[in-house]
Amino acid sequence: MATTPERIPADGDPAPIERLDASMVALSFVDNAGITRVKAVPGQRLEPAARYGVGVSPCFETFAFDDLMAIGRYLGGPDGDLRLIPDLSMLTELACQPGWAWAPTDKYNQDGTRFAACQRHFAARQTAAAQAAGLRLSMAFETEWAVGRADGADGFTPAIHGPAYGLIRLGQVADYAADLVAALERQGVAVAQFHPEYALAQLELSVEPSEPVAAADEAVLVRHTIRQVSARHGWRALLAPCIEPGGAGSGAHLHLSVTDAEGPLFAGGDGPHGMRRTGEAFLAGVLRELPALVAVGAGNPASFLRSEPSRWAGVWQCWGRETREAALRFVTGVRGTESWAANAEIKCFDATGNPYLIVGSVIAAGLAGVAEQLRLPVEITGDPATFDAEARRMSDVRRLPTTPSEAADHLAASTVLAEAMGVELHDALLTVRRAEAERYAAASAEELVALTRWRF
């Protein structure tokens with residue numbers, strides 16, 4: 001491997017490709033089902049690929065997670081072609097996959113114009129809309145996964161055992177964790193924390209925040225690195241939302257903070273827990289759109305096996321400070337750190353959601369809240385599952401969608417997300433979610449787990 005930095009910056013560098021020390025380059029995009037698809041080129045072919053793109057069929061816009069295609073109003077079917085243009089500012093030599101590099105791509109039409117349904121460009125558009133409104137966002141995804149033995153079987157055999165968050169469990173993955181963090185750091189990903197988690201053979205990793213598109217890029221890179229390092233240790237990484245029916249699952253929680261020219265919006269104000277008025281309005285907009293956001297970030301049929309009350313999965317449309325049963329958890333940080341530590345966590349997402357769609361949709365929801373000057377309702381404490389009917393009515397707590405069809409209906413009804421995405425992207429995502437919902441409406445929990453186990 002080269003001794004130069006493995007993330008090669010394009011800005012200000014006249015020849016970033018010349019410094020590439022990789023024989024092959026993976027060019028990725030994430031479809032509306034949350035599957036990361038890829039085309040690869042030899043390293044010496046990266047320059048023409050960056051100039052003219054690599055061809056890919058638009059049929060993937062309506063592929064479901066099972067690789068079966070649906071037909072939407074605007075997209076789907078065998079016709080047409082797109083060009084994948086790699087973003088060289090994110091070109092990364094892969095410590096987890098020696099001899100290879102990786103770059104995320106944007107989708108263009110053959111005439112050189114932007115493809116209307118490009119998910120990564122949607123995230124960039126919403127980031128630009130926030131900047132035009134004077135707002136800057138920082139985001140980061142948490143990654144949860146379970147490690148199983150690669151024994152040739154299609155099922156899941158836990159590779160580690162021991163108490164949740166236990167030192168016993170950590171001891172069994174000590175070398176693996178060190179290798180994983182080292183690979184990520186060499187790839188330019190700043191790791192904040194690693195620990196054994198609650199569910200069966202489950203681990204969690206957190207990274208430092210980035211601007212929204214980069215945060216989504218890093219989510220893709222982190223997950224690929226986890227899979228590759230796991231394989232080198234003789235394990236398989238399971239990132240699907242349900243590990244075992246009836247048990248706790250794996251999420252992909254999104255943390256976010258917002259600032260303007262005067263500073264952070266989640267501290268230094270006279271609103272709830274120090275929020276400034278614009279920060280409260282942003283979160284109120286996110287809270288309002290949560291039922292539709294479920295279809296974006298956790299709309300797979302298997303997602304609803306994880307989305308059960310009293311599992312800290314964020315299944316309630318409500319908010320609270322450090323309230324882990326609420327879908328929107330507000331984190332102030334310890335005293336003295338509020339100005340840089342205060343953030344919000346959206347807990348209802350998992351790895352079946354396209355991270356670019358997630359960050360773009362959350363920004364769109366928040367900006368709508370700011371435009372309408374929304375206010376947050378009364379916060380909750382405790383577990384809404386224990387509330388009686390009167391307490392739930394008084395606190396205005398609602399259960400988030402419990403089926404993929406219900407979530408898709410909320411997405412269809414969301415004028416905020418429809419307007420932000422545009423008709424092509426909104427319809428394609430809705431087509432995928434409804435196709436998955438209909439195809440697996442009668443599937444058992446065991447069948448859904450088996451179908452999704454190694455897809456993400």
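**Ground rules**

I number residues from 1 along each chain as its sequence is written, and my side-chain values use heavy atoms, with hydrogens and water left out. Since the model is predicted, I take local features only at pLDDT of at least 70 and side-chain atom pairs only at pLDDT 80 or more, while totals for chains, interfaces and linings use all residues.

**Entry 1: the cores**

I looked up the nonpolar cores first. A nonpolar core is a set of buried Ala, Val, Leu, Ile, Met, Phe, Trp, Tyr and Cys residues joined through side-chain atoms within 4.5 Å. Buried means under 20% relative accessible area, exposed means over 50%, and partly exposed is in between (1.4 Å probe, protein chains only).

Which residues touch the most other members of the largest core? I found Trp-145, Leu-256, Leu-283, Ile-346 and Val-362, out of 121 residues in that core. Helix H6 (residues 277-297) gives the most to this core, with eleven residues.

I then checked what Leu-283 touches, where contact means heavy atoms within 4.5 Å. Leaving out residues up to four places away in sequence, I got Leu-256, Phe-266, Met-275, Leu-328, Phe-330, Ala-344 and Leu-376. There is also a second, separate core of twelve residues, and Ala-22, Val-41, Val-54 and Ala-103 are among them.

**Entry 2: an annotated stretch**

UniProt, in an unreviewed entry, places "domain: GS beta-grasp" at residues 18-112. Its positions are given in the numbering used here, feature names are shortened, and annotations may be inferred rather than shown by experiment. I looked at that span in the model: it is 36% strand and 7% helix, and its end C-alpha atoms lie 25 Å apart.

**Entry 3: pockets**

Next I went looking for spaces. The search runs on a 1 Å grid over the protein atoms alone: a cavity is a set of points where a 1.4 Å probe fits but cannot get out, a pocket is an open set with protein on both sides within 12 Å along at least five of seven lines, and lining residues have an atom within 4 Å of a point. Grid points are joined across faces, edges and corners, and a volume is the space filled by probe spheres set on the points.

The largest pocket holds about 1100 Å³ of space. I counted 45 lining residues, with Glu-142, Glu-204, His-255, Arg-329 and Glu-345 nearest its centre. Which element gives the most to this lining? It is E7, with six residues. I sorted the lining into 20 nonpolar, 13 polar and twelve charged residues. In that sorting, Ala, Val, Leu, Ile, Met, Phe, Trp, Tyr, Cys and Pro count as nonpolar, Asp, Glu, Lys and Arg as charged, and the others, Gly among them, as polar.

The second largest pocket holds about 350 Å³. Of its 20 lining residues, Thr-36, Arg-37, Val-38, His-224 and Arg-227 lie nearest the centre. Strands E1 (24-30), E2 (36-42) and E6 (100-109) and helix H5 (212-232) each give two or more residues to this lining, and H5 gives the most, with five.

**Entry 4: cavities**

I got three cavities of 30 Å³ or more.

Ala-365 sits in helix H9 (residues 355-371). Is Ala-365 buried or exposed? It is buried, at 0% relative accessible area. Beyond residues up to four places away in sequence, Ala-365 touches Gly-285, Val-286, Glu-289 and Val-416.

Thr-452 lies in helix H14 (residues 445-452) and is also buried, with a relative accessible area of 0%.

**Entry 5: positive phi**

Most residues other than glycine have a negative phi. Asp-67 is not a glycine, yet has a positive phi of about 70°. I placed Asp-67 in the loop between strand E3 (54-56) and strand E4 (82-86), and Asp-67 is partly exposed at 33%.

Ala-201 has a positive phi too, about 55°. Ala-201 is in the loop between E8 and E9 and counts as buried, at 1% relative accessibility.

Technical notes
Helix = DSSP H or I, 4+ residues; strand = E, 2+ residues; numbered from the N terminus.
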